[in-house]
Amino acid sequence: METLDFIVIGLFALALIGIIIWVLKQKQDNSGDYFLGGRDATWIAIGASIFASNIGSEHLIGLAGTGASSGMAMAHWEIQGWMILILGWVFVPFYSRSMVLTMPEFLEKRYNSQSRTILSLISLVSYVLTKVAVTVYAGGLVFQQVFGIQEIWGIDFFWIAAIGLVLLTAVYTIFGGMRSVLYTSVLQTPILLLGSLIILILGLKEVGGWDQVLAYCSAKPVNEYGDTMVNLIRSNGDSKFSWLGALIGSSIIGFWYWCTDQFIVQRVLSGKNEQEARRGAIFGAYLKLLPVFLFLIPGMIAFALHQHYLAHGTEGFLPLLENGVHNADAAFPVLVAKLLPAGVKGLVVCGILAALMSSLASLFNSSAMLFTIDFYKKFKPETSEKHLVVVG
């Protein structure tokens with residue numbers, strides 16, 4: 001990282017602070033204002049927030065890492081993003097007309113109070129143990145690789161980066177509520193897309209083009225049925241990505257995630273009307289087409305570069321694990337660290353920071369909303385709206 005990179009990161013931070021200051025000046029008198037941004041979000045903010053909330057560590061680390069280890073098959077999970085259209089055209093009318101704040105609250109109206117409590121509890125526990133934990137871990141890992149710092153003042157830089165990410169995100173989420181999540185996403189999404197696109201282009205240039213990527217990846221078998229890293233549809237006997245299992249499994253999980261998970265649905269609930277919510281879902285669905293190209297294929301490029309370097313008798317592109325196998329999970333941060341020039345590296349670091357912060361901010365806001373509305377307000381129904389904001 002050079003001086004120009006830190007200047008770019010500083011400009012990004014100033015823009016973020018400006019948005020947060022503007023958000024803090026907006027009224028947040030009740031729980032609807034705080035958790036749903038006053039229900040006046042436009043389709044651009046909704047779509048950008050859906051995408052930015054979704055893009056987290058599982059893409060920066062997981063999707064790129066899977067691309068570097070097993071190739072194209074993981075794209076099945078990204079392709080299911082078309083289900084955001086089902087959210088917009090089928091579910092939004094039900095949710096908006098019922099005037100609910102949370103998905104568990106919708107279940108209570110549809111079934112009973114027990115179903116509401118069960119879903120709230122499951123959602124809160126799973127958010128903390130899976131989404132938050134993995135995002136924080138990946139954040140620390142990414143910044144340790146990108147900055148190339150192992151320790152500061154005798155403290156592992158991983159912990160400094162991870163804890164700093166949590167505190168930084170928590171500050172603007174706590175004070176800004178859903179508005180801060182929505183409108184910082186409008187800044188963060190284009191930076192994330194631009195940074196990832198630059199990595200894709202420079203990676204292809206370094207390896208010698210897409211044909212070279214295909215050549216190296218098609219030479220790598222992934223199972224005993226003749227499939228290679230370039231196969232999206234794999235034999236049904238494949239232990240990890242059988243085509244039938246991938247199709248059915250990703251459809252079921254995709255349906256739950258895009259249409260019923262509070263983490264995603266909360267964005268469309270914040271729309272100023274049904275039309276804006278639907279348009280936001282369409283915009284989010286378009287954006288969701290991009291991760292295969294911006295994260296998975298760069299992982300395949302990192303693998304191709306690794307093989308290319310080894311074939312020419314030099315040290316491999318990716319770091320090695322203790323067992324001598326290349327560390328696929330380091331694919332995206334290593335691409336950033338080794339390929340990007342000064343200034344551009346700072347922009348991509350901003351994109352990474354944006355992805356992790358927007359995902360974390362959405363998790364914090366959704367978790368706070370579930371606790372406040374489905375537990376605190378349920379057991380203390382006489383609580384004033386201002387007090388609910390404080391609790392949130």
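Entry 1, a helix pair. I looked up helix 3 (residues 43-54) and helix 9 (residues 157-207), which pack at about 65 degrees with axes 8 Å apart. That angle makes helix 3 roughly perpendicular to helix 9 (65 to 115 degrees counts as such). Axes are lines fitted to C-alpha atoms over the stretch in contact, with angles from 0 to 180 degrees between N-to-C directions. Helices are DSSP runs of H or I with at least four residues, numbered from the N terminus.

I noted a left-handed crossing for helix 3 and helix 9 (the near helix is turned anticlockwise from the far one by less than a right angle). Helix 3 makes the contact (heavy atoms within 4.5 Å) through residues including Ile 46 and Phe 51, and helix 9 through residues including Tyr 183 and Leu 192. I listed 11 nonpolar, three polar and no charged residues there (Ala, Val, Leu, Ile, Met, Phe, Trp, Tyr, Cys and Pro count as nonpolar, Asp, Glu, Lys and Arg as charged, the others as polar).

Which helix gives the largest share of the lining of the second largest pocket? Helix 9 does, with nine residues. The lining has 21 residues, and Gly 164 and Met 357 are among those nearest the centre. By class, I found 20 nonpolar, one polar and no charged.

The model is predicted: local features need pLDDT of at least 70, side-chain atom pairs 80 or more, while totals for chains, interfaces and linings use all residues. Numbering starts from 1 along each chain as its sequence is written, and side-chain values use heavy atoms, without hydrogens and water.

Key
Helix = DSSP H or I, 4+ residues; strand = E, 2+ residues; numbered from the N terminus. Parallel < 35°, antiparallel > 145°, perpendicular 65-115°, else oblique. 1 Å grid on protein atoms, 1.4 Å probe; cavity = no way out; pocket = protein on both sides within 12 Å on 5 of 7 lines; lining within 4 Å.
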